[in-house]
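Please read them with the structure open beside you.

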Amino acid sequence: MKLYRFSLLMMVLGGSAFAQTQKFTMAEAVNGLRTNLAIKSISQFSWSNDGKSYIQAVKGGYLITDLKTNKQDTLVSLTQLNKNLTDNALKAVPQIKFTSNSHGYFNANDKMVWVEKSGSDWKMKNSVTIDKEASNLKVFANNQIFAFTVKNNLFVSKNGKIITVTNDSDENILNGASNVHRNEFGIDTGIFPSPNSENVAFYRMDQTMVADYPIIDWSVTPAENHNIKYPMAGQTSHQVTLGIFNIKEQTTTFLKIDGEKDQYLTAVTWSPDSKYIFVGVLNRGQNHMKMNQYDAVTGDLVKTLFEETSDKYVEPQHPLTFFPNSNTDFIWQSQRTGYNHLFHYSLEKGLVAQITKGDWLVTDILGFNEKKKEIYFTSTKETPLEKHLYKINWTSFKMQRLDNAEGVHNGVLSSDGNYLYDMYTSASIPRVANIINTNTLKSNTILTAENTLKNYQRPEIKNVELKADDGTPLYGKIILPTNFDPNKKYPTIVYLYNGPHLQLITNTFPASGNLWYEYMAQNGYIIFTMDGRGSANRGLKFEQAVFRNLGTIEMNDQMKGVEYLKSLPYVDAERMGIHGWSFGGFMTTSFMLRKPDIFKVGVAGGPVIDWSMYEVMYGERYMDTPQENPKGYAAANLLDKVQNLKGKLLMIHGAQDDVVVWQHSVKFIKSAVDNGVQLDYFVYPGHPHNVIGKDRVHLMQKITDYFDLYLKK
């Protein structure tokens with residue numbers, strides 16, 4: 001018995017000792033936070049219509065929680081739903097949109113299904129079968145009519161009847177598609193139902209004039225070519241118009257929008273009374289935008305509400321947000337002052353006021369409290385590394401922060417504005433969810449997630465603040481090896497992106513930002529990462545510093561990080577590596593060729609090699625056209641710099657990449673061969689711009705092995 005107890009004690013102690021030194025597997029480092037190490041969350045949070053309770057998805061159904069009593073009940077279960085769907089039973093709980101506590105709808109098994117509560121049970125009210133290839137599904141405000149696309153055409157379902165809106169036989173004329181202007185300018189849909197549910201506006205994208213680009217499917221024999229339309233910088237782009245379909249009359253009117261045929265149409269917004277539609281009309285040069293008002297019946301221009309111009313670029317990214325119960329007053333989000341802020345406009349008076357001001361940016365509007373004339377939003381006011389929740393009175397401009405914890409906060413506001421769901425994370429907090437009373441600011445915690453990484457060997461992470469040449473603060477992180485010895489010298493890897501619309505350094509969990517960094521730290525590496533000028537959430541001056549000369553300012557800023565690393569006695573300056581993907585792949589390759597004495601090893605994934613082969617919208621925004629900016633394109637072009645390579649370079653590309661097309665790295669290989677330069681190369685068949693899923697484990701093992709082979713020596 002004593003022996004048994006001793007053995008049991010050793011097992012407990014041994015387990016504890018093991019837990020303190022447990023290392024990540026590569027699978028955990030890559031996908032762990034989405035699988036076995038996932039942080040607990042509240043799934044599909046939504047407010048009830050009356051704002052007195054909230055709904056969340058759980059295994060087997062949905063729960064509803066009363067705010068006053070905290071009493072939790074099952075709102076609907078999978079079992080209840082399947083009683084009515086025996087012919088086509090659901091295997092998992094569908095994503096239900098609850099229109100009230102007793103009504104909802106969902107899309108599953110090629111059907112739109114409406115359900116309603118009947119006593120203690122739920123019954124199927126009706127259902128509509130939709131095409132198996134249906135996509136871009138959009139439900140109207142009345143929660144009954146919906147629109148969808150099949151291939152390149154748009155359809156509407158009303159009272160169970162499918163109405164054909166468009167019938168274009170040419171697959172390169174797309175109606176209602178969400179990928180208009182390649183999803184730049186905040187575009188995520190091509191279908192815009194009117195608030196009264198009587199009309200639907202839709203993008204019509206004609207790309208017949210755009211050159212075909214081959215994407216080869218290697219999984220079949222013989223391989224098959226699937227052409228896409230890929231408009232490259234300086235070349236012919238697609239042409240977009242905006243149609244309005246009247247469902248009752250089954251007629252379509254196109255807005256009479258003047259300007260270049262290849263201009264950009266964005267920020268599409270209906271007036272709340274459904275009489276007008278607003279469109280941000282941006283020239284192809286992206287330096288002049290008109291916010292136009294059109295008559296929804298005739299398609300005629302009513303007036304231009306305002307214009308925005310820039311000597312660099314204008315980038316509208318949000319539709320108009322109308323004030324509650326107003327057909328005339330709205331909020332426009334603009335970067336015209338250098339940071340994204342809220343501007344109050346009136347259709348009659350024009351600009352009424354700038355609502356938010358300061359050297360920080362509004363990141364999202366959450367909603368309103370109409371009675372108190374308050375707007376709720378998230379912003380970077382405290383620090384660019386965090387997001388917090390605020391309210392501001394739109395007449396007095398009195399502003400108040402609503403949360404009290406460091407970190408990155410996201411919110412969901414109840415319809416009346418009285419309660420705010422606050423979910424946040426920070427370097428030391430995996431996830432916390434609160435319900436904030438927006439009147440009293442009292443907060444009730446409904447979730448405190450456990451740290452799923454607590455049993456693992458974790459590295460020390462230090463925040464770093466450096467200064468660019470012009471004194472601009474640059475934020476970064478250094479991740480030290482586990483069992484760090486300051487008297488040793490360690491191989492060091494710089495991970496970077498440093499391109500527009502992305503920020504690597506934030507106060508979120510885990511503090512490292514990426515478990516692969518920690519995996520490398522467990523295996524004896526120092527990891528350094530930093531956001532240089534050009535990256536997101538620092539304002540226009542910070543972002544536009546790279547205008548017309550991508551790669552140069554970014555390298556100058558990253559060199560500040562390199563100088564910092566070289567100043568540390570434990571960094572081995574002779575064993576420094578660099579890695580990045582996409583824009584980060586471009587930066588990695590740029591460093592290996594334009595500053596070839598810095599890094600011994602580089603791994604570049606999905607890299608832009610020649611910006612003239614990148615897409616029109618993004619490329620011309622930051623570089624203008626190759627015809628307008630030949631020097632900028634030449635300086636950034638890496639095809640004629642391959643002969644400068646001194647270190648070891650591994651280049652990786654997805655064979656089906658339709659963002660940074662495969663030709664970038666293929667041409668780079670050709671240039672290497674022409675110049676007698678050796679490099680290493682790997683392709684991932686079946687993957688587009690990034691390698692995801694289980695194959696990503698293979699990718700990161702490949703990258704790790706490369707650094708181990710050439711950097712650990």
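The points below go from confidence to a set of paired strands, then to the nonpolar cores and one lysine.

1. This is a predicted model, and its confidence should be read before anything else. The chain averages a pLDDT of 95, with 97% of the residues scoring at least 70.

2. With β33 (residues 419–426) the strand runs antiparallel and is joined by seven bridges, Tyr 421 standing opposite Ile 435 of β34; the two strands form a hairpin with two residues between them. With β35 (residues 443–448) the pairing is again antiparallel, over five bridges, and here Ala 433 has Leu 447 of β35 as its bridge partner.

3. The hairpin of β34 and β35 has five residues between its strands, and in this hairpin Leu 441 takes a positive phi near 65 degrees. As for β34 itself, eight of its nine residues are buried, so the strand is largely enclosed by the rest of the structure.

4. The largest nonpolar core holds 63 residues, of which Phe 586, Phe 599, Trp 611 and Phe 668 touch the most other members. Helix α7 (residues 583–594) gives the most to this core, contributing six residues. A second, separate core of 34 residues includes Ala 521, Tyr 684, Leu 699 and Tyr 706.

5. Trp 611 deserves a look of its own. Apart from neighbours within four places in sequence, Trp 611 is in contact with Ala 233, Leu 550, Phe 583, Phe 586, Tyr 618, Tyr 633 and Ala 636.

6. Is Lys 641 buried or exposed? Lys 641 lies in the loop between α9 (630–636) and β42 (648–654), and its relative accessible area is 14%, which is under the 20% cut-off, so the residue counts as buried. Beyond four places in sequence, Lys 641 touches Leu 593, Arg 594, Ala 634 and Ala 635.

7. Which partners does the side chain of Lys 641 have for polar contact? The side chain of Lys 641 reaches the backbone oxygen of Ala 635 at 3.4 Å, and makes a polar contact with the side chain of Asp 640 at 3.1 Å.

Conventions
Residues numbered from 1 in each chain as written. Predicted model: local features only at pLDDT ≥ 70, side-chain atom pairs only at ≥ 80, totals over all residues. Heavy atoms only, no water. pLDDT = per-residue confidence, 0-100. Helix = DSSP H or I, 4+ residues; strand = E, 2+ residues; numbered from the N terminus. Buried < 20%, exposed > 50% of the residue type's maximum accessible area, 1.4 Å probe, protein only. Contact = heavy atoms within 4.5 Å. Polar contact = N/O pair within 3.5 Å; in protein donor to acceptor, adjacent residues only side chain to side chain. Core = buried A, V, L, I, M, F, W, Y, C linked by side-chain atoms within 4.5 Å. Pairing = 2+ DSSP bridges.
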